[in-house]
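Let's take a friendly walk through a protein model, looking at confidence, charged pairs and a pocket. Have the structure open beside you as you read.

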Amino acid sequence: MFFRRPKRLFVPLGDDRFEVTLDPNVRQGLLTLADQLDEVQTSDRPEARRLFPTAYTDDPERDAGYQIFARDQLIEKRRAAVEIMRTTAEADELTGEELASWMGVLNDLRLVLGTMLDVSEEDTFVDPDHPHAESQLLYRFLSELVHEMVESLTTSLPETEDQ
């Protein structure tokens, strides 16, 4: 049996540019999810915990200070990335910086969804009869998109003398 790799969705073009071949409906769906990210990250909902990981596991007082200091910066960084995604959502080409912003937003969404679903390394397949099957499929899709973005960004890096 012959399996053909699906068409790449983020194709390096050179000069730090990437062609984006996502379906318009997929783009709109990703934007809808990205807009929900702000609501989650500014809440005290448990699924937001992966967005603000513990910096000092052995020192709760020091970690609380870090969380106070870093939280607002992380929120603003995520808002800026969502804004880049929003303004470039219909673009056929993205710069490396824009693609990295998209990747950050999608990975944050993946982290939130994975926390909601309690995803683990052992979860390798989706049970269509599971009550959260659609969310599990969305998690897998976001993971595939992030993976492809990483591949596209890394294959476009210049070679170094060590290679």
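The score called pLDDT is the predictor's confidence in each residue, on a scale from 0 to 100. You need it here because this is a predicted model. The protein chain has an average pLDDT of 89, and 88% of the residues reach at least 70. Among the helices and strands, confidence is highest in strand β3 (residues 93–95), with a mean of 97, and lowest in helix α4 (residues 133–155), with a mean of 92.

**Charged pairs**

How many salt bridges are there? The count comes to nine.

| Pair | Closest N to O distance |
|---|---|
| E148 and R8 | 4.0 Å |
| R45 and E47 | 2.8 Å |

Start with E148 and R8, which form a salt bridge. E148 sits in helix α4 while R8 belongs to the segment before β1 (10–14), so this pair ties together parts of the chain that are 140 residues apart in sequence. Is E148 buried or exposed? E148 counts as buried because its relative accessibility is 11%, and the cut-off for buried is under 20%. R8, at 24% relative accessibility, counts as partly exposed.

R79 is partly exposed, with a relative accessible area of 33%, and D38 is partly exposed at 28%.

In the pair formed by R45 and E47, R45 counts as partly exposed at 32% relative accessibility, whereas E47 counts as buried at 13%. Salt bridges can also join up: D35, E83 and R86 are linked in a network of them.

**The largest pocket**

The largest pocket holds about 240 Å³. Which elements give two or more residues to its lining? They are α1, α3 (96–117) and α4. Helix α1 gives the most, with five residues.

What kinds of residues line this pocket? By class, the lining has nine nonpolar, one polar and two charged residues. Among the lining residues are L33, L37, V40, L109, M116 and L142.

Technical notes. Residues numbered from 1 in each chain as written. Predicted model: local features only at pLDDT ≥ 70, side-chain atom pairs only at ≥ 80, totals over all residues. Heavy atoms only, no water. Helix = DSSP H or I, 4+ residues; strand = E, 2+ residues; numbered from the N terminus. Salt bridge = Lys/Arg side-chain N within 4 Å of Asp/Glu carboxyl O. Buried < 20%, exposed > 50% of the residue type's maximum accessible area, 1.4 Å probe, protein only. 1 Å grid on protein atoms, 1.4 Å probe; cavity = no way out; pocket = protein on both sides within 12 Å on 5 of 7 lines; lining within 4 Å. Points joined across faces, edges and corners; volume = space filled by probe spheres on them. Nonpolar A, V, L, I, M, F, W, Y, C, P; charged D, E, K, R; others polar.
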